[in-house]
Amino acid sequence: MNIYKLMLCLFTLFIVNECQSQAKKSIKNVLMEKSYNDINEAIDYYRNLKKEKLEHFNFEDENELNNLGYQLLNDERVEDAIKIFTLLTLEFPKSYNAYDSLGEAYLKNGNQNLAIKNYEKSLVLNAKNENAERILVSLEFENRNKNKFEQVYQKQQYIEDLDKLAYNLTTVNPHPYKFMPKEDFWRVVNEKKSLITDNTTYGEFIWHCSELVSNINCVHSGLGYFNQESEMLPVELRFPLETRFIDKKLFVTKPLINSNVKEGVEILTINGVKIEDLRKEIFRHIPSQGHIETGKKLFYSAYGTAYIAYALGFPEKYTIRVRDSKSPLKLEQLTIYEPAKRHFATNLCESKDLCLDYVDDKTAILTIINSGAYYGTRFSIFKDFIDTSFQEIQSKNINYLIIDMRSNSGGPGNTGAYLLQYLVEEPFIYKTVAEGSNMAGQSFKPFGNRFKEEVYFLIDGEGGSTTGHILSFIKQRKLATIIGEELGGNHFCTGGQRLYKLPNTDVFYYIGRNTNISSADNFQADRGIMPDYFVTQSIEDYLDNTDEVMNYTLKHIHKK
């Protein structure tokens, strides 16, 4: 047989095998047709077909059972999905994805132990399975030890973890030195390492970690607000007053057990430390976008009881000086503490994050607070709310629309683009860079029933990520009047945060991994979007629950 005939035979054999493979029927489809409503019967049918008609169905394709399992998950039939994924692991025992899918089903069913077991098996089969690793770290975070404040690790373990933290921050985040020079970042790393002793406690160590993460100046990189630090702090070491920074001044918002302190009074020093020095120390440990300080304010008074304690080195006693008082005031230690409910700038939504309200027959308030985190299937919640709201606004012939995005920390890009489609006059490209999604360069058209009258946006320091992208558009194209304080974000952010854990001390931390830049990129990356009118709450407004930003906006509208 010459070479040409041999090649012809091989090619013919390949075509025959390919045709036979393509001719095989989908085992998923036949199981759904036969007995989708009875998975036990479907599994029995699967096994019989494999014995009797192996060559007729594509049993060799693990995606068939995997897709069937996810179909069941989407239909909220979790226990049936577990049965199919279990069959999948038996049929494909060397498939890391099979165990990953089974772990997900167990997790959705509330069985963490079996979820962990299967995710760990998946990692054994594929050490690069990032999804399994991410889920396992997330589960460890949920079940973390919250009583480690006084625990002491070996000095070398602390040093190794600081090195690991610095390494991950500067290799995972794509812009580690964008807002802090490389030499300055590593200088701080070495300073922190020099402070470690044989007696360093976990509580002291995690305070060092929080500063290193904050030096990346990325709002998506941090320890997760201040939860880990706050939850382990002994109540008797907490600063025994609830406070709030307003215009770089610190005010008492709740005296708690200290009846000798008046609500609303300004604190000048704590244990002899000037408030400005204390503020600078605290702010070094709070993540923000670039050098935006409005995002660092203690928006939640309960965190102040912990921040101040950490910044001062956990004193057992506190003495303060307040304005208009000649002598210092000694504070009583707390013996019990119930954190105050988080304060939002607006009360319109009550317990809801999305709501539409009306001031009068010409003015509507569209409130989008807390978060725009409508990822995946949850996007339909946001979309339906926005569609319904603008239809209603149009039907009422509204002239002034106030969009309140204070306390909104961001969300997926499609929420931002969708809102803008109701406001813009012409097609636009939402993002020029969108790592982790397909939005880069994608063009969006205005909706036919877009709002054509006057728009006002209310903003504050908590507005980052996607909220920054939205407001960069609003500001650049002059689509609305912006009122409030400097936004906590802008056109640039590094999102796609992932949770990590230090190997020795189990400190958990997030790092942003994906660059996202809106096409409205003619702003400073280290500063937030600026309002057209700067308006903030005074301490009196805060204590009286007066929304001065909203009041100013309404007065501005009424003048017209």
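Which residues in α15 meet which residues in α16?

## Helices α15 and α16

F379, F382, K383, I386, D387 and F390 in α15 meet N414, T415, Y418 and L419 in α16, where contact means heavy atoms within 4.5 Å. This contact divides into six nonpolar, two polar and two charged residues; Ala, Val, Leu, Ile, Met, Phe, Trp, Tyr, Cys and Pro count as nonpolar, Asp, Glu, Lys and Arg as charged, and the others, Gly among them, as polar.

The model is predicted, with local features needing pLDDT of at least 70 and side-chain atom pairs counted only at pLDDT 80 or more, while totals for chains, interfaces and linings use all residues. Residues are numbered from 1 along each chain as its sequence is written, and side-chain values use heavy atoms, with hydrogens and water left out.

Helix α15 spans residues 379-395 and helix α16 residues 413-420, and the two pack at an angle of about 10° with their axes 10 Å apart. Helices (H or I, at least four residues) and strands (E, at least two) are DSSP runs, numbered from the N terminus, and axes are lines fitted to C-alpha atoms, for helices over the stretch in contact, with angles running from 0 to 180 degrees between N-to-C directions. α15 and α16 are therefore roughly parallel to each other, a term for angles under 35 degrees.

## Helices α4 and α6

Helix α4 (residues 62-74) packs with helix α6 (residues 96-108) at an angle of about 10°, their axes lying 11 Å apart, which makes α4 roughly parallel to α6. On the α4 side the contact involves E62, N66, Y70 and L73, which meet N97, A98, S101, E104, A105 and K108 in α6; by class, there are four nonpolar, three polar and three charged residues.

Three strands form an open sheet in the order β11-β18-β15, with antiparallel pairing, where two strands pair if DSSP finds at least two bridges between them. Because β11 (431-434) and β15 (492-495) stand at the edges with a single partner strand each, one side of each is left without a neighbour in the sheet. The twist averages 15° from one strand to the next.

β15 pairs with β18 (residues 514-518) in the antiparallel sense over four bridges, and the bridge partner of C493 in β18 is N516. Helix α17 (residues 466-476) packs on the sheet and touches β11, β15 and β18, its direction making about 20° with that of β18.

Technical notes
Angles under 35 degrees count as roughly parallel, over 145 as roughly antiparallel, 65 to 115 as roughly perpendicular and the rest as oblique.
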